[in-house]
Amino acid sequence: MWKLPVIVVNFKLYTQGSGKKALDLIKTMERVGEERGVTLVAALNPLDLGALRKDAHIPVIIQHADAVEFGAFTGRINLEVAKERGADGVLVNHSERRLTIADIDYLVERAKKLNMVSLVCANNPRVSGALAFLRPDFIAMEPPELIGGDISVSKAKPEAITQTIEAVKSVADIPVLVGAGIKSGEDVKRALELGAQGVLVASGIVKARNPYEALNDLVDGMM
Ligand code: G3P
């Protein structure tokens, strides 16, 4: 498992996080990770994972997988294929790609069997507590209304962070990440002070004018 606290960067389907630009961002993450001694994880589009895995020297996960085995499924991707292409883990149930609880359960169990890390997203403390019963490796709580905005979960909803940690820890000792609107080291610092063990971030890094500086700023908040 990864050294905590961890920063997971979701490349989404931003142009700045796709294809050749995705590789540039991975290289920046590698550099910052090495210079600062922290774990930075890239959450990639499955196609980019296949193309870039061999050149990426940081942990990489895919942004979504379907709860299916091999067979007659069109336009789907399963964890077996992701593993074979080199994915270290999977983001499950992101607010932009919600799943049923049965599908989440399938993916968490499958990830365990395949020795892949599962990060299950939840939109609030109650859902976080409920999903803790499935025993994923990480729970990542992101209030959907703050995703992509400039006001972070740490500033706008600190109570949601403490309630999430309380709800999750009452079920199992699963590390909690938080995300949505995280843009600065101050946001990261506050999240960690409230008990989070990492952050999930997208626009603040992927769309930053200078991702190297933006990443370093986030890492400052971990020190
Ligand atoms: O997966 C992380 C993401 O949903 C947060 O997005 O742009 O608010 O950092 P953003």
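**The ligand and its surroundings**

Tutor: Start with K12: an N or O atom in its side chain is 3.0 Å from an oxygen atom of the ligand. A polar contact is a pair of N or O atoms within 3.5 Å; within protein, one must be able to donate a hydrogen and the other to accept it, and residues adjacent in sequence count only if both atoms are side-chain atoms. This is a predicted model: local features need pLDDT of at least 70, side-chain atom pairs count only at pLDDT 80 or more, and totals for chains, interfaces and linings use all residues. Residues are numbered from 1 along each chain as its sequence is written, and side-chain values use heavy atoms, with hydrogens and water left out.

Now look at the shell. Among the residues around the ligand are H94, E142, I147, L200 and S203 (near means a heavy atom within 4 Å). The shell divides into five nonpolar, five polar and two charged residues. Ala, Val, Leu, Ile, Met, Phe, Trp, Tyr, Cys and Pro count as nonpolar, Asp, Glu, Lys and Arg as charged, and the others, Gly among them, as polar.

Next come the salt bridges. The count is 16 (a side-chain nitrogen of Lys or Arg within 4 Å of a carboxyl oxygen of Asp or Glu). One joins K20 and D24, with the closest N and O atoms 2.8 Å apart. Both lie in helix α1, residues 19–36, four residues apart, about one turn (helices are DSSP runs of H or I, at least four residues; strands are E runs of at least two; both are numbered from the N terminus). K20 is exposed at 61% relative accessible area, and D24 is partly exposed at 37% (buried is under 20%, exposed over 50%, partly exposed in between; 1.4 Å probe, protein chains only).

R110 and E80 form another salt bridge, at 2.7 Å from N to O. This pair links distant parts of the chain, 30 residues apart: R110 is in helix α4 and E80 in helix α3. R110 is partly exposed at 23%, while E80 is buried at 16%. Finally, K189, R190 and E193 are linked in a network of salt bridges.
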